Amino acid sequence: MTQRLLFLGPPGAGKGTQAQRLAAAQGLLHLSTGDLLRAEVQAGSALGQEAEAVMARGELVSDALVLAIVRSRLEQQQAAGGGGWLLDGFPRNLAQAEALGQLLDELGQPIQLVVLMELDDAVLIERLLSRGRADDNEAVIRHRLEVYREQTAPLIAYYRERQLLQAVEAAGTVEAIEARIAALLT
Ligand code: ADP
């Protein structure tokens, strides 16, 4: 069974929604670096203070910081007896992907599947504008899409070469997309 996977795709593609549903249905640990960073900002921790301004500009927080967050969660899970996981919003550039690969080698937990959620820019922008999060105004959204194209999109080829990538069309109802993703899991 597939129980170690990651979701890839542009902001607004619905990764968070689908990741949450799949993780709940399959009993996987859902690790969203965006959610974890927002929780740190909310808590006013040193880490959150470091991340807040960067996130508000739509740029990526430092690789070391997000890697430390993911590492501690995955190590915690393994120490507690292990289990499957779903990474959402991480990795976001090649350096993070390399670092993740190394961490997963250490843990003996290789990725089994990368789900790429694909959607047109026009629909992405519309969805993000209606969401109304602090970093969801039009200028910042356009910048996040640029950052995605420049830094994150190269991961598509990276995981395709490793024969881990499967793409799904991310347009339609939440349930329809959920069914497309479920069909990829065996
Ligand atoms: P979205 O899916 O809409 O892009 P996220 O909740 O995944 O939103 O991320 C929001 C912000 O958090 C990003 O724009 C970035 O500043 C920061 N962030 C999240 N994950 C990472 C990561 N892996 N590396 C660097 N920054 C990240």
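Author: What follows starts with the aromatic rings and then turns to the whole chain. The model is a predicted one, in which local features need pLDDT of at least 70 and side-chain atom pairs count only at pLDDT 80 or more, while totals for chains, interfaces and linings use all residues. Residues are numbered from 1 along each chain as its sequence is written, and side-chain values use heavy atoms, with hydrogens and water left out.

Searching the whole structure gives one aromatic pair, where rings of Phe, Tyr and Trp (its six-membered ring) pair if their centres lie within 6.5 Å, and planes under 30 degrees apart count as stacked, over 60 as edge-to-face and the rest as tilted. The partners are Y158 and Y159, and because their planes stand at 90°, with ring centres 5.0 Å apart, the pair is edge-to-face. Y158 has 11% relative accessibility and therefore counts as buried, a term that means under 20% relative accessible area, with exposed over 50% and partly exposed in between (1.4 Å probe, protein chains only). Y159, at 2% relative accessibility, counts as buried too.

Turning to the chain, buried residues make up 44% of its 186 residues. Of the contacts (heavy atoms within 4.5 Å) between residues at least 6 apart in sequence, 73% join residues at least 24 apart. Finally, the C-alpha atoms fill a box of roughly 40 × 40 × 30 Å, taken along the principal axes.
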